[in-house]
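Please look over the model before reading on.

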Amino acid sequence: MIAALAPGLSVTMCRDPREFAALAGEWTDLHRRCPQATPFQSHAWLHSWWLSYATRRDRLRVVLVHRQGVLVGAAPLLRTYRPLPVLLPLGVGITDYADVLLAADTASADVAAALAAGLRRAARGAVVDLREVRPGGAAMALYDAWHGPKRRAPGSVCLELPGLPMDGLIARVGSSRGQRIRADLRRLDAAGVEERDVGAHEVRDAVATMLRLHHMQWQGRGVTPEHARPRFAEHLARAATAMVAAGEAALTEFSVGGTVVAANLTVLSPALAGGYLYGAHPDLRATKVDVTTLLMRHGVRHAAGAGRPVLTLLRGAEPHKFHWRPERLANQRLLLANRPLAPVLHARHALAAARTRLVCTAAARLPALRAWRARLNDLRARRT
């Protein structure tokens, strides 16, 4: 037992991976009672990540808050060294949104205070580095309840659209772009593209197909290295199987003439639908099927079609996403520490701020670099 704060509240810490695995049922109940929770806080995603990505240096540190035996708060973390001791969210690296869980049907301020007390115990000798917290996430209540050194820094930018029907999204982009999108939709229908959400028992094979198409799609253009690693495939197959069964994800195959030409993994919660990863056969370009429009139509089905208020395009500022005029939302990076580690926290914050400036500078220069490359390719084409 770590602490007992408000009446009926108790705080414990889970250090045993087997105990964490056994928490699946009550964790899922808490996840459903936390309105800010994203699919990346589901037990299926976090436990699978631990199985595939934890190293020998990592130690599980999951802070749990119970009220009269019912789980009402949780902070899924690990303790590692980078190079100094640090507490990081489970899922770090491949997770678009990290957060803690706070049940909405309890006195949230009391639960956040209890979670902060447990986290102070877990953070002895380490800085807490909560990365990629979605704006408005439950971790902001934890940040407010923290008594000690703390700092915030911007994290990755995610792009979001309102959960509108396709006509509503088209109305946002203007008449010229809207006409092109409607033409792309007509070409999708003419090409006979069919969608099919696979069942949980089919997910493992469908993930392998999606990753194969993803690698083909990016061949020669620099596939994200992690997406080609066996641990990523293992994690995705395991997590997606459980998430599809629980309604927390949909894995969809797109076929033309009975042949699968694209596949997409969409993560789902009551608050949002988001396309996590897709793969599309390069030959789709020859059919004049616009893959972005295909995926947006699919995303609209899971957002507006299911009453979800947000269609998120998740991390990444690829140019094709901006055709839909999404809102840019910066995730937050929350740094917390006990008082003796204040200098370490401030140094870590300075490094995070410097990295953000470098990323922003690179992003600002990207359009000019693309234009320069286009002119160079045009010049080469003329010479040949």
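How many helices and strands does the secondary structure of the protein come to? There are 11 helices and 13 strands, taken as DSSP runs (helices H or I, at least four residues; strands E, at least two). The radius of gyration is 22 Å, close to the 21 Å of the globule rule for 384 residues, so the protein is as compact as a globular protein of that length. That radius is taken over C-alpha atoms, and the rule is 2.2 Å times the number of residues to the power 0.38.

This is a predicted model: local features need pLDDT of at least 70, side-chain atom pairs count only at pLDDT 80 or more, and totals for chains, interfaces and linings use all residues. Residues are numbered from 1 along each chain as its sequence is written, and side-chain values use heavy atoms, without hydrogens and water.

| Property | Value |
|---|---|
| C-alpha span along principal axes | about 70 × 45 × 40 Å |
| Buried share of the 384 residues | 50% |
| Contacts joining residues at least 24 apart, among those at least 6 apart in sequence | 74% |

Buried means under 20% relative accessible area with a 1.4 Å probe, protein chains only. Contact means heavy atoms within 4.5 Å.

Leu236 touches Trp45, Val207, Met210, Leu211, Leu265, Tyr276 and Leu277, leaving out residues up to four places away in sequence.
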